[in-house]
Amino acid sequence: MSAPGTLYVVATPIGNLGDLSPRAREVLAAADCVAAEDTRHSGRLLAHFGIERPLVSLHEHNEAGRVRELLARLQAGQSVALVSDAGTPLIADPGYRLVAAVRAAGIRVVPLPGPCAAIAALAVAGLPTDRFCFEGFLPPRPSARRERLRALSAETRTLVFYEAPHRLREFLDDCAAGFGATRRAFVARELTKLHESTYDGTLGELATRAALEADLLRGEAVVVIEGAPEAADTGEATGRGPGTEVLLAALLDELPASRAVDLVVKLTGARRNAVYRRALELRGTQGAEPDEPG
Ligand code: SAM
């Protein structure tokens, strides 16, 4: 029996073809087959670089079935290169099942690092990068999306999201409502492409710009959002510790702001003024009642 081959996980450009690394080209040119999300799309990429290799489709809907076939090729000593339509495979793209199965079979998996929209956006956002969390795409259904945003409202790490252009405006509105209109955020669209542009400001400002500037909603986009304040910085003093934040967000969905604030103060012992201020932020100010805290 021949020695097993290698699975190469190869990052490809997210726009600018100059970002395909020389090493990625070599590996693609030498692979026995290239497993691609969309074989026509990746076929064009390979053709651009004068590479002609057999392509096998591996996408969300056939991955489970394809794993067996690709595993057999690897066990027979072939080398397989995995690519997705753009960027790094497995990052909001197929490949997880394949990589898990190949590793479980004791076969070598080698990364060919390169473009990734999330990392590219994070690198230029000007928001903290020491700790961040990648949330990828939120659920498309508004209720499920808002639920997820509520669960994330106390997350202190910088948050990175992918969003489709036709949902970006609604997404920014929901983020402003869920995280508070004053949180800092950043939108990176069409990275590495001709119309690359970036926008920064508060979530409230970006939501307003999305309503006024059609360009902001064109093409592919990554949204990077500042994390919630650390509990230690605020905690009891401001009423913005994670428990308080989640509780307040949940109660604001069900009750008038003043009633939600009363309950949070009673349950957490946080300061009323700070909780009230936060309630106004979460409501994006317009939604909150104008009464002053006592
Ligand atoms: N695997 C890819 C990566 O490494 O970034 C991501 C694939 S995911 C299916 C596609 C999403 O990535 C898009 O909806 C968009 O949110 C983001 N994206 C991809 N290319 C982009 C670009 N050039 N500029 C901004 N965002 C991009």
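Author: The questions and answers below concern a predicted model.

Reader: How many salt bridges does the count come to?

Author: A salt bridge is counted where a side-chain nitrogen of Lys or Arg lies within 4 Å of a carboxyl oxygen of Asp or Glu. By this rule, the number of salt bridges comes to 17.

Reader: How many residues apart in sequence are the parts that the pair Glu63 and Arg97 ties together?

Author: The side chains of Glu63 and Arg97 meet in a salt bridge, at 3.9 Å from N to O. Glu63 belongs to helix H3 (residues 63-75) and Arg97 to helix H4 (residues 96-104), so the parts tied together by the pair are separated in sequence by 34 residues.

Reader: Where does Glu220 lie, given its salt bridge with Lys193?

Author: The side chains of Lys193 and Glu220 meet at 3.1 Å, N to O, in a salt bridge. The pair links distant parts of the chain, 27 residues apart, with Lys193 in the loop between strand E8 (184-189) and strand E9 (197-202). Glu220 lies in the loop between helix H8 (203-212) and strand E10 (221-225).

Reader: Which residues of helix H6 are buried, and where do they fall around the helix?

Author: In helix H6 (residues 142-152), the buried residues are Arg145, Leu149, Arg150 and Leu152. Viewed down the axis of H6, these residues fall within an arc of 165°, so they line one face of the helix.

Reader: Which residues are linked with Arg145 in a network of salt bridges?

Author: Arg145 is one of the buried residues of helix H6. The network of salt bridges links Arg145 with Arg146, Glu170 and Asp174.

Reader: What is the arrangement of the rings of Phe134 and Tyr162?

Author: A search of the whole structure finds three aromatic pairs. For Phe134 and Tyr162, the ring centres are 5.1 Å apart and the planes stand at 75°. Planes over 60 degrees apart count as edge-to-face, so the arrangement of this pair is edge-to-face.

Reader: In which elements do Phe134 and Tyr162 lie?

Author: The pair links parts of the chain that are 28 residues apart. Phe134 lies in strand E6 (residues 132-137), and Tyr162 in strand E7 (residues 158-163).

Definitions and conventions:
Residues numbered from 1 in each chain as written. Predicted model: local features only at pLDDT ≥ 70, side-chain atom pairs only at ≥ 80, totals over all residues. Heavy atoms only, no water. Buried < 20%, exposed > 50% of the residue type's maximum accessible area, 1.4 Å probe, protein only. Helix = DSSP H or I, 4+ residues; strand = E, 2+ residues; numbered from the N terminus. Arc of directions from axis to C-beta. Phe/Tyr/Trp six-rings, centres within 6.5 Å; stacked < 30°, edge-to-face > 60°.
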